[in-house]
Amino acid sequence: MPYGPEMRASDNDREKIASRLRDAHAEGRLSIDEFQDRLDVLYKANTYGELEPLVRDIPVTRTPNKAPAAPQSAPAQAPATPQKRTGGDRAMAVLWTIWACAVSVNLVVWVMTSATNGKLEYFWPIWVAGPWGAILLSITVMRRQFRD
């Protein structure tokens, strides 16, 4: 059932309009002042009739950024573009860095202990590196499997 302009808008409806306004501002369709003015009106609006004028002059979908067409003689396979790192990727990089630091410290202690005793001691750093590394490796592999 279509909603009339006198129907009351919900918080979810206002958030959808706010999202369209943010996108329009990010695309350069609205100046910061106009964006702020429209947001002020948006959060005071009660009905659909008050919401509609805020986005009347903004397209419903974003204009895609199209790359120029490749010439016909170009190879069929386009060059791979690097994927943008997500927060989860950064977190995994931090975890791997912490693991490498901990393993390095343990290896240095093991080498120094073995050197001062004059014989190779039991290689106990494997108990730090092994299980922790195996867990990180399995998480990394699973994340890549689910991402692709």
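## A tour of charged and aromatic pairs

Start by selecting D11, which is exposed at 61% relative accessibility; here exposed means over 50% relative accessible area, buried under 20%, and partly exposed in between, with a 1.4 Å probe and protein chains only. Before moving on, note that the model is predicted, so local features are kept at pLDDT of at least 70 and side-chain atom pairs at pLDDT 80 or more, while totals for chains, interfaces and linings use all residues. Residues are numbered from 1 along each chain as its sequence is written, and side-chain values rest on heavy atoms, without hydrogens or water.

**Stop 1: helix α1**

A salt bridge joins R14 to D11, with 2.9 Å between the closest N and O atoms; the term covers a side-chain nitrogen of Lys or Arg within 4 Å of a carboxyl oxygen of Asp or Glu. Both residues sit in helix α1 (residues 11-26), three residues apart, or about one turn. Helices (H or I, at least four residues) and strands (E, at least two) are DSSP runs numbered from the N terminus. In general, side chains of opposite charge can pair when their charged atoms come close.

**Stop 2: around R38**

Select R38 next. This arginine is buried at 12% relative accessibility, and its side chain meets that of E34 in a salt bridge of 2.8 Å, N to O. R38 and E34 are four residues apart in helix α2 (residues 32-44), about one turn of the helix. E34 is partly exposed, at 31%.

D57 lies in the loop between α3 (48-55) and α4 (87-117), so its pairing with R38 of helix α2 ties together parts 19 residues apart in sequence. D57 is exposed, at 53%. Through shared partners, E34, R38 and D57 form one network. In total, the structure holds six salt bridges.

**Stop 3: the aromatic pairs**

The whole structure has two aromatic pairs. W96 and W99 are edge-to-face, 5.4 Å centre to centre with 80° between the planes. For such pairs, ring centres of Phe, Tyr and Trp (its six-membered ring) lie within 6.5 Å; planes under 30 degrees apart are stacked, over 60 edge-to-face, and the rest tilted. W96 and W99 are three residues apart in helix α4, about one helical turn.

Finally, select W110 and F123: edge-to-face, 4.9 Å between centres and 90° between planes. W110 belongs to helix α4 and F123 to the loop between α4 and α5 (126-147), so this pair links parts 13 residues apart in sequence. W110 is buried at 13%, whereas F123 is partly exposed at 36%.
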